[in-house]
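I opened the model and kept notes as I went. The entries follow in the order I looked things up.

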Amino acid sequence: MGMVGGGEGAFIGAVHRHAALLDGGIELVCGTFSADPDKSRRSGSALGLPQERVYGSYAEMMRVESAMDPSVRMQFVAIVTPNHLHYPVADCALEHGFHVLCDKPATLNLAEAIHLKERVAATRLQFGLTHTYLGYPLVQEARSRIAAGSLGAIRKVLVQYSQGWLAKPLEQTDNKQAKWRLDPAQAGLSSCMGDIGVHAFNLAEYISGLQVTQICADLTSFVDGRNLDDDGSVLLRFDNGAKGVLTASQVSVGEENGLAIQIYGDKAGLKWSQQEPNTLWFLPEGEPVQMLRTGGDYLSSTAGALTRTPMGHPEGYIEAFANLYKDFAAQVAAPSSGTPSICPGIEAGCRGMAFIELTVTSSQSDIKWHDLV
């Protein structure tokens with residue numbers, strides 16, 4: 001793989017690299033690690049890459065790599081930049097014949113996502129989106145149980161993503177992560193919903209197997225001087241008649257990375273939390289609550305295939321990321337295999353962007369319900 005972004009001072013780039021290399025099937029061979037050519041070269045050197053494979057711009061990287069012999073050039077690019085660069089980098093990569101694995105959200109706005117969907121269809125190349133949490137074995141177990149009817153007809157979906165790291169105006173300091181997330185030019189229309197709310201939305205649709213059809217949103221900027229939201233609550237209506245609530249906050253003081261979901265049907269319910277990812281609670285009606293654990297031989301084959309260590313050996317964030325990379329690499333190697341993918345694609349990217357934009361529209365509107373199509 002090649003990489004765009006993730007150089008000196010970046011958090012998520014190192015996470016992507018650790019995850020990609022975990023299973024030994026992916027090699028980092030080139031990169032453009034910063035818009036600053038000198039910084040990009042320093043970052044590439046620190047990663048042990050030869051200087052001729054470290055580029056000053058992503059356009060140069062696509063052009064030079066595409067002219068190389070197929071046995072040595074990169075096969076796909078990982079995009080780990082702020083949101084405003086996702087579309088131009090992905091579009092350039094697809095134009096030059098490279099598969100794309102992109103951080104979420106897919107693009108800066110919905111119009112770009114729709115254009116990207118057209119490009120993916122035209123090129124027939126692979127496009128994946130790193131909604132990390134889908135890589136957890138017990139997220140797959142929850143999805144499998146719902147698909148098998150274990151919960152019955154789904155009635156209620158509750159999902160939340162609570163953080164507290166932006167409770168103070170960090171964007172006014174030298175905190176790089178805060179600065180771009182609260183800059184409309186780099187983040188888009190939303191900070192909270194665009195950064196973490198879209199993860200909650202994706203998780204709710206993925207696990208339940210349902211699609212949100214309508215929303216009613218209330219977004220807030222609690223910290224003075226912010227141009228983008230740092231908190232939000234959204235009522236959800238699903239295509240089977242189920243109702244839901246999604247809350248996301250970057251100003252919930254004391255919270256770390258509190259992504260959690262509860263889903264209830266007419267036969268049973270289930271609960272999962274990202275901060276305790278190796279436990280899934282299954283709540284059958286009239287029976288004792290069951291605690292399901294990662295690695296158990298009673299889990300589905302899908303969950304089992306994503307587990308690397310014996311039961312009782314905790315697996316977490318890096319491993320979940322690695323499962324997406326392993327899955328995407330398999331799709332690149334054998335795109336016609338027909339094997340189901342856990343890595344979401346451009347369709348999920350478009351739905352995520354539609355959700356983000358609609359929450360902003362809904363919050364600013366006097367109309368109660370807005371259609372998500």
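I checked burial for Tyr 136 and Trp 272: both are buried, where buried means under 20% relative accessible area, exposed over 50% and partly exposed in between, with a 1.4 Å probe and protein chains only. The model is predicted, so I noted the limits: local features need pLDDT of at least 70, side-chain atom pairs count only at pLDDT 80 or more, and totals for chains, interfaces and linings use all residues. Residues are numbered from 1 along each chain as its sequence is written, and side-chain values use heavy atoms, with hydrogens and water left out.

I searched the whole structure for aromatic pairs and got 8. The rule takes rings of Phe, Tyr and Trp (its six-membered ring) with centres within 6.5 Å; planes under 30 degrees apart count as stacked, over 60 as edge-to-face and the rest as tilted. Tyr 136 and Trp 272 make a tilted pair, 5.3 Å centre to centre with 55° between the planes. Helices (H or I, at least four residues) and strands (E, at least two) are DSSP runs numbered from the N terminus.

Next I took Phe 201 and Phe 355. Their ring centres are 4.4 Å apart and their planes at 10°, so this pair is stacked. Phe 201 belongs to helix 9 and Phe 355 to helix 12, 154 residues apart. Phe 201 and Phe 355 are buried.

I also listed one aromatic cluster: Tyr 133, Tyr 136, Tyr 161, Trp 272, Tyr 317 and Phe 321.

**Charges over rings.** I used this test: NZ of Lys or CZ of Arg within 6 Å of the ring centre and within 35 degrees of the ring normal. Arg 143 has its charged end over the ring of Tyr 206, 4.1 Å from the centre. Arg 237 does this over Trp 369, at 3.8 Å from the ring centre.

I read the strand order as 13-12-11-10-6-9-8-7-14, an open sheet of 9 strands with mixed pairing. Strands pair if DSSP finds at least two bridges between them. Strand 13 (290-293) and strand 14 (370-371) are at the edges with a single partner strand each, so one side of each has no neighbour in the sheet. Strand 10 (258-265) and strand 11 (268-273) are antiparallel over 5 bridges. Trp 272 turns up again here, as the bridge partner of Ile 261.

I found helix 9 (192-208) lying across strands 6, 7, 8, 9, 10 and 11, at about 150° to strand 9. Helix 12 (346-363) lies across strands 7, 8, 9 and 14, at about 55° to strand 7. Axes are lines fitted to C-alpha atoms, for helices over the stretch in contact, and angles run from 0 to 180 degrees between N-to-C directions. Contact means heavy atoms within 4.5 Å.

**Helix 4.** I counted 8 of the 10 residues of helix 4 (86-95) as buried. Among them are His 86, Asp 91 and Cys 92. The cover includes strand 1 (2-5), helix 3 (58-66) and helix 5 (110-123). Gly 97 follows helix 4, with a positive phi near 90°.

**Whole chain.** I counted 12 helices and 14 strands. Of the 373 residues, 54% are buried.
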